[in-house]
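Hi,

Here is the structure I said I'd pass on to you. Have a look at it, and then read on for what turned up.

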Amino acid sequence: MTISHAGEASESNHRLSGGLPLVVLRRPGPAILAARLVIRGGSSRDPVSARGAHQLLAGLMTRGCGDLDADGLADLVEGAGAGLRAEAHEDALVVGLKCAADDAPALLPLLLQMVRRPSLAPDQLELERQLNLQTLQRQKEDPFQLCHDQLRHLLYGQGPYGHDPLGIETELATINGRTLQPLVETLGSEGAVLVLCGDPPAGVVELLETELAIAPWGTRSPDASAPAVAGAGAASLARQSQQTEQLVLMLGTPTLPMGHPDALALRILQAHLGLGMSSRLFVVMREERGLAYDVGVHLPARCGAAPFVMHLSTSSDRAAEACRGLLDEWQRMGEQPLETDALELALAKYRGQDAMGRQTCSQIAERQALVLSHGLPADHVKTTLERAASLSTDDLLAAARKWLQGPSLSLVGPETAVDAAAEAWRDHPLSRRQQP
């Protein structure tokens, strides 16, 4: 089936042998092609005592596959001036390719080879492991990363979202080929999708089928996420002292999967609070009160309970005031509806952010693969934008009251600043609020 829209990419949909959905978006413009292969699973499916396994596997996929060793694969990709990468996210293992259209026939089959026939050479495994361990070690020196990791543990504990995709140092050090081979064999068991955007080669389906004839792959379209359940536990605090000049605060709670009906209201709240220099947190916490060096709101797309997080960095001597201010802003979300003009501005930002996020072939492929990998309809973005126009201030207030209760707080910075912020937390009503 092919659908065409004036000024947009034409779309054709296929199902390859074994069940892999293929979406081809032909887009006028430069002769380039972007490909995005998303395989459901990711670090949330890391084996027990082997956290970091999927990211290690993703790294190894770029170090040899099929008949190519690490040098041969690098020569092929770099010799074409192309970009090829693989990484594990919380919900998926993602392989991305960007290349000139003329090189696509030689490079596109690599995506399937990396998934079905990765080399897993012991020397390359050890090299990739050491790189990941070094990254984890560097993260320990970053107060923002430490604060984020603390909050992650508060919100998810030992659950699937409770660790960085890079893993845990002690467990990463023990992973070997025997750990990774079973993961290769189960890739795609929860679904996968391949999206191409730009100028695809003629006979692209036959090109991919040739590779699948060599290494068949049984997979399917990903399913939609299970419905979320309100309530994630009691509000809590984690703290860590570090000799820095600033205090980092993160306030957050688990919320909703990407496709949940209430997720749109939370996304509009994110735009209101943290998107741009006109956002409420920037204006109130930085411009008016001078309490923040940096401030924002984080709400990633997840198949499960995505974290809604306010983050702020402040000077040590204003730790208590900044903490109270951040807590007050969180509490305000569930007590006061937005003004009409604030809602209109947030909606404009949301629409603008969407438009800016689909300018290039890579962005379009990434966006469509994300939607389909969450088991959502292909027109999810379009229908969500239409729904956004009908949201009221009462809708946003209701969503905040339902999903943003009982946040947890993570603090990293000088001990005196951490003490002052922790005291402000204990004195605030949010610290004593339980989830419904």
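**Starting at aspartate 419**

Aspartate 419 counts as partly exposed, with a relative accessibility of 32%. Before going further, please keep in mind that this is a predicted model. You'll find aspartate 419 in helix α16. Leaving out residues up to four places away in sequence, aspartate 419 touches Arg239 and Arg426. Alanine 319 sits 100 residues from aspartate 419 in sequence, yet the two are 8.7 Å apart in space, C-alpha to C-alpha.

**The helix pair around it**

That last pairing leads on to two helices. Which residues of α11 meet α16? On the α11 side they are Ala319, Ala320, Cys323, Arg324 and Leu327, and on the α16 side their partners are Ala417, Ala420, Ala421, Ala424 and Trp425. Sorted by type, the residues of this contact come out as nine nonpolar, one charged and no polar.

Two packed helices are described by the angle between their axes and the distance between the axes. Here, α11 covers residues 319-333 and α16 covers residues 415-427. They pack at an angle of about 35°, and their axes are 8 Å apart. The crossing, as α11 passes α16, is right-handed.

**Stepping back to the whole chain**

Now for the overall picture. The protein chain holds 16 helices and 12 strands. For 436 residues, a compact globule would have a radius of gyration near 22 Å, and the chain's 23 Å agrees with that. Of the 436 residues, 53% count as buried. The chain exposes about 18,700 Å², and carbon and sulfur atoms supply 51% of that area. Among contacts between residues at least 6 apart in sequence, 79% join residues at least 24 apart.

**A buried helix and a buried glycine**

Is helix α1 enclosed or exposed? Nine of the nine residues of α1 (residues 53-61) are buried, so this helix is largely enclosed by the rest of the structure. Among the buried residues of α1 are His54, Gln55, Leu56, Leu57 and Met61.

Glycine 191 is another one to look up. It lies in the loop between α7 (177-186) and β7 (192-198). With a relative accessible area of 0%, glycine 191 is buried. What does glycine 191 touch, not counting residues up to four places away in sequence? Its contacts are Val38, Ile39 and Arg40, together with Thr219, Arg220, Ser221 and Pro222. Alanine 92 is 99 residues from glycine 191 along the chain, and their C-alpha atoms are separated by 9.8 Å.

**Two positive phi values**

Most residues other than glycine have a negative phi. Serine 49 has a positive phi, near 70°. It sits in the loop between β4 (32-40) and α1, and is partly exposed at a relative accessible area of 48%.

Leucine 120 also has a positive phi, near 55°. Its place is the loop between α3 (104-116) and α4 (122-139). Is leucine 120 buried or exposed? With 12% relative accessibility, leucine 120 counts as buried.

Glycine 29 is in the loop between β3 (21-26) and β4. At 59% relative accessibility, glycine 29 counts as exposed. Glutamine 134 is 105 residues from glycine 29 in sequence, and in space they are 41 Å apart, C-alpha to C-alpha.

Arginine 358 belongs to the loop between α12 (340-356) and α13 (361-373). Its relative accessible area is 41%, and it is partly exposed. Setting aside neighbours within four places in sequence, arginine 358 is in contact with Arg27, Gln363, Ile364, Arg367 and Leu385.

Cheers

Conventions:
Residues are numbered from 1 along each chain as its sequence is written. This is a predicted model: local features need pLDDT of at least 70, side-chain atom pairs count only at pLDDT 80 or more; totals for chains, interfaces and linings use all residues. Side-chain values use heavy atoms; hydrogens and water are left out. Axes are lines fitted to C-alpha atoms, for helices over the stretch in contact, and angles run from 0 to 180 degrees between N-to-C directions. Helices (H or I, at least four residues) and strands (E, at least two) are DSSP runs, numbered from the N terminus. A crossing is left-handed if the near helix is turned anticlockwise from the far one by less than a right angle, and right-handed if clockwise. Contact means heavy atoms within 4.5 Å. Ala, Val, Leu, Ile, Met, Phe, Trp, Tyr, Cys and Pro count as nonpolar, Asp, Glu, Lys and Arg as charged, and the others, Gly among them, as polar. The radius of gyration is taken over C-alpha atoms; the globule rule is 2.2 Å times the number of residues to the power 0.38. Buried means under 20% relative accessible area, exposed over 50%, partly exposed in between (1.4 Å probe, protein chains only). Accessible areas come from the Shrake-Rupley method with a 1.4 Å probe; for residues, only the protein chains shown count as cover.
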